[in-house]
Amino acid sequence: MTLYNFGMLFMVIERFRGGDPRPIRERFLARGRMLPEGVIYHASWIDTEAARCFQVMEAEDPSRLEPWIRAWGDLVDFEIAPVVTSQEYWEALPS
């Protein structure tokens with residue numbers, strides 16, 4: 001059962017190394033998000049302790065995220081989970 005039509009959605013959980021978000025902010029301001037071609041950023045949230053960032057990204061497959069992960073990997077530990085919207089999930093679920 002395929003739960004997505006165009007690109008896959010990924011929930012990206014970034015854990016700031018050393019619990020310090022400032023180096024990430026500095027690099028972002030200097031270089032931008034640095035997304036590779038074929039990766040779409042949808043939204044992000046930072047937890048109230050400023051130790052983690054949750055992002056939704058879209059790409060054809062997980063390998064498209066690799067250049068982006070390498071660009072930030074010295075500052076962030078990543079957890080990436082493929083996800084679908086609740087609506088897509090419920091519509092695709094056999095009754």
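User: Which residues in the largest nonpolar core touch the most other members?

Analyst: In soluble globular proteins, nonpolar side chains tend to be buried together. A nonpolar core here is a set of buried Ala, Val, Leu, Ile, Met, Phe, Trp, Tyr and Cys residues joined through side-chain atoms within 4.5 Å. Buried means under 20% relative accessible area, exposed means over 50%, and partly exposed is in between (1.4 Å probe, protein chains only). In this predicted model, the largest core has 15 residues, and Phe10, Ile24, Met57, Leu65 and Trp68 touch the most other members. Strand 1, strand 3 and helix 2 each give two or more residues to this core, with the largest share, 4 residues, coming from strand 1.

User: What should I know about the numbering and the model before going on?

Analyst: Residues are numbered from 1 along each chain as its sequence is written. The model is predicted, so local features need pLDDT of at least 70 and side-chain atom pairs count only at pLDDT 80 or more, while totals for chains, interfaces and linings use all residues, and side-chain values use heavy atoms, with hydrogens and water left out.

User: How many helices and strands does the protein have?

Analyst: Helices (H or I, at least four residues) and strands (E, at least two) are DSSP runs, numbered from the N terminus. This protein has 3 helices and 4 strands, and from the N terminus on they run β-α-β-β-α-β-α. Of its 95 residues, 27% are buried.

User: What lines the largest pocket?

Analyst: On a 1 Å grid over the protein atoms alone, a pocket is an open set of points where a 1.4 Å probe fits, with protein on both sides within 12 Å along at least five of seven lines; lining residues have an atom within 4 Å of a point. In this case there are 14 lining residues, and Glu14, Ile24, Phe28, Ile46 and Cys53 lie nearest the pocket's centre. Helix 1 gives the largest share of the lining, 3 residues. The pocket's volume is about 310 Å³, where volume is the space filled by probe spheres set on grid points joined across faces, edges and corners.

User: How do I read a pair of aromatic rings?

Analyst: A pair of aromatic rings is described by the distance of the centres and the angle of the planes. Rings of Phe, Tyr and Trp (its six-membered ring) pair if their centres lie within 6.5 Å; planes under 30 degrees apart are stacked, over 60 edge-to-face, and the rest tilted. The count is 2 aromatic pairs. One of them joins Tyr89 and Trp90, edge-to-face at 4.9 Å centre to centre with 80° between the planes. Tyr89 is partly exposed at 33% relative accessible area, whereas Trp90 is exposed at 58%.

User: Which charges sit over rings?

Analyst: That label needs NZ of Lys or CZ of Arg within 6 Å of the ring centre and within 35 degrees of the ring normal. Arg27 has its charged end over the ring of Trp72, 5.5 Å from the centre, and Arg33 lies over the face of Tyr41, 3.5 Å from the ring centre.

User: Which residues other than glycine have a positive phi?

Analyst: Most residues other than glycine have a negative phi. Met34, though, has a phi near 60°, and Ala50 has one of about 55°. Met34 lies in the loop between helix 1 and strand 2 and is partly exposed at 24%. Ala50 is in the loop between strand 2 and strand 3 and is partly exposed at 26%.
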